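Subject: Structure handover

Hello,

Here is the structure for you to look at. My notes follow below it.

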Amino acid sequence: MSFLHDPQLGNTAITLMAALVLVLQIAMVAQRWLVTNIRVFGVQSFVLAAIAATIAWFNHANHLYVAALLMLLLKALLLPIVLERLVAKVGIRHSIHPVINVPLSVLISGGLTLLGYVVAESFYHPEETSTAATLGHNMLPIAISLFLIGFFMIVNRRNGLTQVLGLLSMENGLFLAAISLTYGVPLVVELGIFFDVLVGAMVLGILMYRIGETFDSMDVSRLRRLRG
Amino acid sequence: MILLWLLIVPLLAGPVAFAVRRRAAMEAVNLIAFLIGLCLAGALAFQVLASGPISLFDGFFYADALSSLIVLLTAFVALVCAVYAVGYFRFVEQNTVFPDQPQPDGPAAARKLRKYYSLMPLFVFSMILVALANNLGILWVASEITTLASVFLVTFYARETSLEAAWKYVMIGGVGLSMALFGTILTYYSAHRVLGIDSLAGLNWTMLLGNASVFDKATMRLAFILILLGYGTKAGMAPMHTWKPDAYSEAPVPAAAMLAAGVLNCALYGLVRFYILTSKCLGPEFASQLLIVFGLLSIGVAVPFILVQKSFRRLLAYSSIDHCGIMVLALGFGGPLGILGLFLHMTFHAVTKPLLFFCAGNIQQHLGTDLFRKAKGGLIHAMPWSGAAFLLGMLAVTGTPPFSLFLSEFTILRAAFSGGHYLPGVLFVAFLVVIFSGFILHIGNLVLGADTGLPAPAPCRWKKYSLLGLASLIILLGFWIPGPLFHLIQSAADVVVTGQSALGAPLVKSLVRLQ
């Protein structure tokens, strides 16, 4: 079973999974159904957890297993379940109406991916050829793209819940950057970040619920009484 | 140990206030906790001044003069807000009709008071954690907790507009802080690829500072841009300031004052820590130019909104954007003078801003509106204390001599001209003059004028004492800065100036003679 310790294989597997994460992100932009969007987000988080575990395995970075486990439990399982229940509770299942239509949105996401590569290229060091450097070089553009596309999702959508999904997928981009560039941040920081993500999602959920009750809609573009 | 107590006291006060339920007991818990907090912060400042930086748990917590200044200001603002809050919320309990409760003084009001008194200590705890964390990741986590702890303070009144304000606050704050986290990760990366430092201490500021000159420069550049946008959003720097007027005008007044005079400092503190690393790594020019542009933009954006403002609560929010811009600008001018100006300004602003919020709160509670249009003017006849204090605070906050903000703004201006930043210096003065005229027009119209026959409000000791205490402190600071306080501000500036230069000579003391 020596191939299980071959760093080359690890790099290939990780790069493939990261590409899948990017595809899922663009699928979220294109997807018009709220519940499907939440599930795509869950799958994306699951793949990220797998990436973290793979990196931990091939680089003997044991504390990354903790990050992978937290990712799996919180973002791949708990948050999608909570968000779906919230959708059921408020009783809104209809589709999302993006500001920009779907084909153009996907095109813009493609452009943002390109931008991610351009930005990441500016600090590429071709003289470094260690596996860690290659890994960082492959992952950073994807992380930046996830971040930018997540931001675009927030701007592009009127439904509050999908804005939350946009924010959470931006954080997924950060997670990818952290695990691939530096094999994760120090464990205590990792725990703090997950705590914040969890509490933040709960806070946004409660707020969303109250907005849904008060306005009979999760359409946050109706929130525009405060001006000037 | 003092660092630990500073954190434990507010952290415990939250659950205790939640458990005691009775209003008087909750008020007492808050007041006592913040009083202890202020004493501890003072003790910490003296200890740091006497014997240098202290740290705890292998440098997990760390306090130098810069952190102790922020802790001291936060603890001070927390205490004055707690004193004012007693009067403010007693009025709310008796007079306010909430959407989910038909008449005043019912269970909904009690529930909301309980929420306020248990969330406020946690909010203060997170701000103190920002200042005491050595690890830049924990600094980020604590900044995020400040947002999460204060969201439900913004939704206190449960109006449709408060939900809107809270939504903007969390979403814009969340996006901003995720940029800050990206910046933190990239900083870690730029250190990591050179040093290979790992494990627990890898993100510690003290550790990073020692090696900042060999960081990867290209990565650090991107990291600083993200940090500036991230913590800038949290501080309410233009163009990411749009949450600020909404949150400040919807939150109950003590919470709004805490946001304006507490969170602002903490966010700028995060920015300053990274500024030190960046300018040590890249030289000061790169960061300076960005800071000057964003600082001027913030002041400039505030100008038209202050001139045409319809509501006095929102006017204060734009003033806060303006002051955020001034502090960012001061950091951009840099040099011993600019940094000293920054911390002087931060201190004086933290003393002055709560007074304005308290006056605005008194007037809003008495009139039931925060619109200039509905307040007919001549308030000084019905509310002599609040009216006079509002005028005084207005003059102080716009930097009129002899008040202390004039001193700090003048120091910043000197830094601009001595550093050769002529155009930004001139624009800075021009913006300030226009803002001054806008303020004097609005507040003058509101407070002065003929008596409209408005009845005087019911007297409230808590409100009056917090107003008088702050007002006399502002007048006092205009003429005399206590020696130890000035020493603390100077040492905080020294942390920045010596940190960013490789030489490490304390330049501030030799160059600046203010008194």
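Which residues is B:Ile185 in contact with, leaving aside its neighbours within four places in sequence? They are A:Leu174, A:Ala177, A:Ala178, A:Leu181 and A:Val185. Two residues are in contact if their C-beta atoms, placed from the backbone, lie within 7 Å.

Some ground rules. This is a predicted model: local features need pLDDT of at least 70, side-chain atom pairs count only at pLDDT 80 or more, and totals for chains, interfaces and linings use all residues. Residues are numbered from 1 along each chain as its sequence is written, while chains are lettered from A and ligands numbered from 1 in the order in which they are written.

**Chain A overall**

Chain A has seven helices and zero strands. Helices (H or I, at least four residues) and strands (E, at least two) are DSSP runs, numbered from the N terminus. Of the 228 residues in chain A, 47% are buried. A residue is buried if 20 or more other C-beta atoms lie within 10 Å of its own, exposed if 12 or fewer, and partly exposed in between; C-beta atoms are placed from the backbone. Take the contacts in chain A with a separation of 6 or more: residues 24 or more positions apart account for 75% of them.

**Where A meets B**

Chain A puts 35 residues into the contact, and chain B puts in 36 residues. On the chain A side, H5 (131–156), H6 (160–182) and H7 (187–215) each supply at least two residues. H7(A) gives the largest share, 13 residues. By class, this side of chain A has 23 nonpolar, eight polar and four charged residues. Ala, Val, Leu, Ile, Met, Phe, Trp, Tyr, Cys and Pro count as nonpolar, Asp, Glu, Lys and Arg as charged, and the others, Gly among them, as polar.

**The core**

The largest nonpolar core has 277 residues. A nonpolar core is a set of buried Ala, Val, Leu, Ile, Met, Phe, Trp, Tyr and Cys residues joined through C-beta atoms within 7 Å. A:Ala52, A:Leu176 and B:Ile185 have the most contacts inside this core. Its largest share, 22 residues, comes from helix H3 (residues 65–95) of chain B.

**Helix packing in chain A**

H3(A), residues 63–90, packs against H6(A) at about 175 degrees, with the axes 13 Å apart. Axes are lines fitted to C-alpha atoms, for helices over the stretch in contact, and angles run from 0 to 180 degrees between N-to-C directions. The pair is therefore roughly antiparallel. Angles under 35 degrees count as roughly parallel, over 145 as roughly antiparallel, 65 to 115 as roughly perpendicular and the rest as oblique. H3(A) makes this contact through residues including A:Leu64, A:Met71 and A:Val87. Among those from H6(A) are A:Leu168 and A:Phe175. The contact has 10 nonpolar, no polar and no charged residues.

H6(A) also packs against H7(A), at about 170 degrees and with axes 10 Å apart. That makes these two roughly antiparallel. A:Leu168 and A:Glu171 are among the H6(A) residues used, and A:Ala201 and A:Met208 among those of H7(A). Here the count is eight nonpolar, one polar and one charged.

A:Leu187 lies in H7 of chain A. It is partly exposed, with 15 other C-beta atoms within 10 Å. Not counting residues up to four places away in sequence, A:Leu187 touches A:His63 and A:Val66.

H5(B) covers residues 136–154. Of its 19 residues, 18 are buried, so H5(B) is largely enclosed by the rest of the structure. H12(B) covers residues 312–333. All 22 of its 22 residues are buried, so H12(B) is largely enclosed too. Just after H12(B), B:Gly334 takes a positive phi of about 60 degrees.

**Backbone points to check in chain B**

- A cis peptide bond joins B:Ala238 and B:Pro239, with omega about 0 degrees. B:Pro239 sits in the loop between H8 (217–235) and H9 (243–250).
- The bond from B:Pro401 to B:Pro402 is also cis, with omega near 10 degrees. B:Pro402 is in the loop between H15 (384–397) and H16 (404–418).
- B:Arg21 has a positive phi, near 70 degrees, and is not a glycine. This residue is exposed, with 12 other C-beta atoms within 10 Å.

Best wishes

Conventions:
The expected span of a helix is 1.5 Å times one less than its number of residues.
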